Each structure stands twice: as structure tokens, then as C-alpha cells.
Amino acid sequence: MALLYKADPQRGERWRQLFAAHAPDIEFRQWPDIGNPAEIEYLAAWQAPDDLATLLPNLKALLAISAGVDQLNLSALPPHLPVARMLDPGITQGMCEYATWAVLSLHRDMLRYRAQQQAGAWEARALVPASQRRVGVMGMGQQGKAIVKCLQGLGFALSGWARSAHQLTGVECFAGPAQLPAFLGQCDILICLLPLTEQTRGILDLSLFEQLPRGAALINMGRGAHLNEADLLTALASGQLSGAVLDVLGVEPAPADHPFWQHPGIMLTPHIAAMTQPDSAFAVLLDNIRRHQRGEPLNGQIDRADGY
Ligand code: NDP
């Protein structure tokens, strides 16, 4: 029995070592060296080939090596094939670190202090206590809930929005499109942690920004296609938004002439909020293979119809 790995080749070498050391019954193969395709039962991948059904006739499960699955063409996959996303604690740790840094940067006006430093201006601004800074998280899943917990420790006033109703101590929870305006109306800092689906594509647009309190700030850690980039520029220019921290963009890497590079109100990072860590992800992936072998449901199995 074999597993085919189709993702970052350098990290693949580490995956190979981990399989050899801890799961020698599973033969690790790295794309494009697939060997006899009939022997491959599991695919661990970032992106899957479109002709999967004919290429790997005995494939039993697709195990994404990322938390999001929007890069997969789900409609092209064989309908019976279970698809699981990666629930790597290393990813969640990275997301918590990034969100904490981004929220603190916006909360403590670091975009402006950076500009002041460059201008040689020593000018203190009023300090808002964390308890008076309302931080709202869109997406209360694996990442959103962990981030809310981290931010609770810093004393922020927290709320969350998801498709379904959630209950978290000390967090005001909103659900569904009907409660979106009430959620947005009380977010000084809005963090997008949604999966990219047909329902969430382009959700961060001018009409959403206009429902935030004037001067609110945005953090996008979801996917670039959540954001209407022209609308962000409009909202920053009018002062409706005061700043944005973006880890993801519509086109990555951003072209050299992209207006966000030099924008004083935008802090841009190259999709580094979190990265799958083979050492922590391996245990999760192997556990899922063993679960499947025992006939148990996969952890992180996505609902193909919902797209996440
Ligand atoms: P989960 O699937 O665990 O959580 C998704 C959350 O979004 C759920 O709370 C879900 O609601 C909510 N949601 C989905 N669709 C809608 C909708 N239409 N309206 C309102 N809420 C919705 O995902 P994760 O938390 O693990 O990850 C979220 C995303 O973060 C990933 O899909 C990926 O795009 C991004 N990500 C980015 C990384 C980076 O490095 N920048 C790294 C890791 C992830 P409900 O609870 O009701 O189902």
C-alpha cells in the first residue's frame, strides 16, 4: 500500500523520513514519481490532478496538507472520495501568533508609529485599553476559536460570526447573514478567518466596510479572494477604514506595481501566517490514515456541498 505526496518537494523529504520511521507499512511516494498507480490508496496533497479517478483508480481518501481546501477543484474529484483538511496544531499555533501580532499592531497604532518614525516625528497618541477595543472574528472554526482564546488572554472585547450558532464563554456570538450587520456594527478590528467558498468570495467589500464603525481596521488571514482590493483602497481613502493587515492577496505573489506595496495604511505579509509543519502534521495525517483503515470517519472531513 502506498501514499502519494503532492506538495512542496523540499518538505516532502521530511515527510518521507517520518513515514519511514513511524509507518514503514505505508510506502511514501512523491509526485511525479508515482510508480504503480494501482498501489496508491492515499493522496496527501496541496492540489490534486484533475484526472484523479483515472490516474489513481484505487484511491481511498484525499488528505489535504492545508487547513483550507479552496485550491482543490472539488467538483472534479470522484464523488465517493472522502476529502479531509489538515488539522495540524502547528498551523493553529502559527495563526494564533499572527493574529495576536496583527491585532496588537492595529490596537497600538503601529502603522502610524512606523510612519511617524520614518518622518522623524515623536508624537504620542491616546491609548485605548484592550477592554474597550472590540475585536470581531469572522469564522468560528478551528482557527477562529483558537484565536479568540488567545485574544481573551489579552483582555479584548470579543465577538464572533459563523454560519451556525456557537457558544463561547465571554464571546458574543452571531450567526448567519441576518446577524451580520449587528456583528459588524460593533467591530473595531475585524479578522477574516473564513474558508473561501461561493458564499464567502468577495465578502470583504465596500458594503461590508460601511457597516463597521468609522475608523475600524481589517485583518485578512483567510484567502485573497475574500477581499475586494479596490474597495479596500476606497474605504482607506475615505477614512471608513483606518488600516489593514493582509496575509493573503488575490494574486500571489503581488505584482511589482500593486498599490498595496507602498500603501501607508496597509501591512502586507506573503501568506506566512501559518505553514503546515511536517513534524506536527505527520501525526495528524497518520492518525487519519489509521482511522480510515479501521473504517472510522476522518478527522477534518469536509462537506463537499458546503465547500469547507
Ligand atoms: P473551519 O472549517 O474550521 O472553520 C470555518 C468557519 O467559517 C466555521 O465557523 C464556519 O461556520 C464559518 N463559515 C463558513 N462559511 C461561512 C459563511 N458562508 N458565513 C459565515 N460563516 C461561515 O476552518 P479553519 O478555521 O481551519 O480555517 C479557516 C480558513 O483560514 C481556511 O479555510 C483558510 O482559508 C484560512 N487559513 C489561512 C492560513 C494562512 O496562512 N493565511 C492558514 C490556515 C488557514 P460554522 O461553524 O457554522 O460551520
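Visitor: Is R163 buried or exposed in this predicted model?
Guide: The model is predicted. A residue counts as exposed when its relative accessible area is over 50%. R163 has a relative accessibility of 53%, so R163 is classed as exposed.

Visitor: Which residue forms a salt bridge with R163?
Guide: A salt bridge requires a side-chain nitrogen of Lys or Arg within 4 Å of a carboxyl oxygen of Asp or Glu. The closest N and O atoms of the pair that includes R163 are 2.9 Å apart. The partner of R163 is D306.

Visitor: How many residues apart in sequence are the parts that D306 and R163 tie together?
Guide: R163 belongs to the loop between β7 and β8 (171-175), while D306 belongs to the segment after α9 (278-293). D306 itself is partly exposed, at 25% relative accessibility. The parts tied together by this pair are separated in sequence by 143 residues.

Visitor: In the salt bridge of D70 and R223, which residue is buried?
Guide: The side chains of D70 and R223 meet at 2.8 Å, N to O. Buried means under 20% relative accessible area. D70, at 28%, counts as partly exposed, whereas the value of 16% belongs to the buried residue, R223.

Visitor: What is the N to O distance in the salt bridge between R11 and D8?
Guide: R11 is partly exposed, with a relative accessible area of 33%. D8 is also partly exposed, with a relative accessible area of 33%. Their side chains meet in a salt bridge with an N to O distance of 3.8 Å.

Visitor: Which residues are linked in a network of salt bridges?
Guide: The count of salt bridges comes to 13. A network of them links E27, R29 and E39.

Visitor: How many residues of the shell around the ligand are charged?
Guide: The ligand is surrounded by 28 residues, R85, M140, S164, H166 and Y308 being the closest. Of the shell, 13 residues are nonpolar and 11 are polar. The number of charged residues is 4.

Visitor: What share of the ligand's accessible area does the protein cover?
Guide: A polar side-chain atom of S164 is 2.5 Å from a ligand oxygen, and a side-chain N or O atom of H166 is 2.7 Å from an oxygen atom of the ligand. On its own, the ligand has 940 Å² of accessible area.

Definitions and conventions
Residues are numbered from 1 along each chain as its sequence is written. This is a predicted model: local features need pLDDT of at least 70, side-chain atom pairs count only at pLDDT 80 or more; totals for chains, interfaces and linings use all residues. Side-chain values use heavy atoms; hydrogens and water are left out. A residue is near a molecule or strand if one of its heavy atoms lies within 4 Å of it. A polar contact is a pair of N or O atoms within 3.5 Å; within protein, one must be able to donate a hydrogen and the other to accept it, and residues adjacent in sequence count only if both atoms are side-chain atoms. Accessible areas come from the Shrake-Rupley method with a 1.4 Å probe; for residues, only the protein chains shown count as cover. Ala, Val, Leu, Ile, Met, Phe, Trp, Tyr, Cys and Pro count as nonpolar, Asp, Glu, Lys and Arg as charged, and the others, Gly among them, as polar. Buried means under 20% relative accessible area, exposed over 50%, partly exposed in between (1.4 Å probe, protein chains only). Helices (H or I, at least four residues) and strands (E, at least two) are DSSP runs, numbered from the N terminus.
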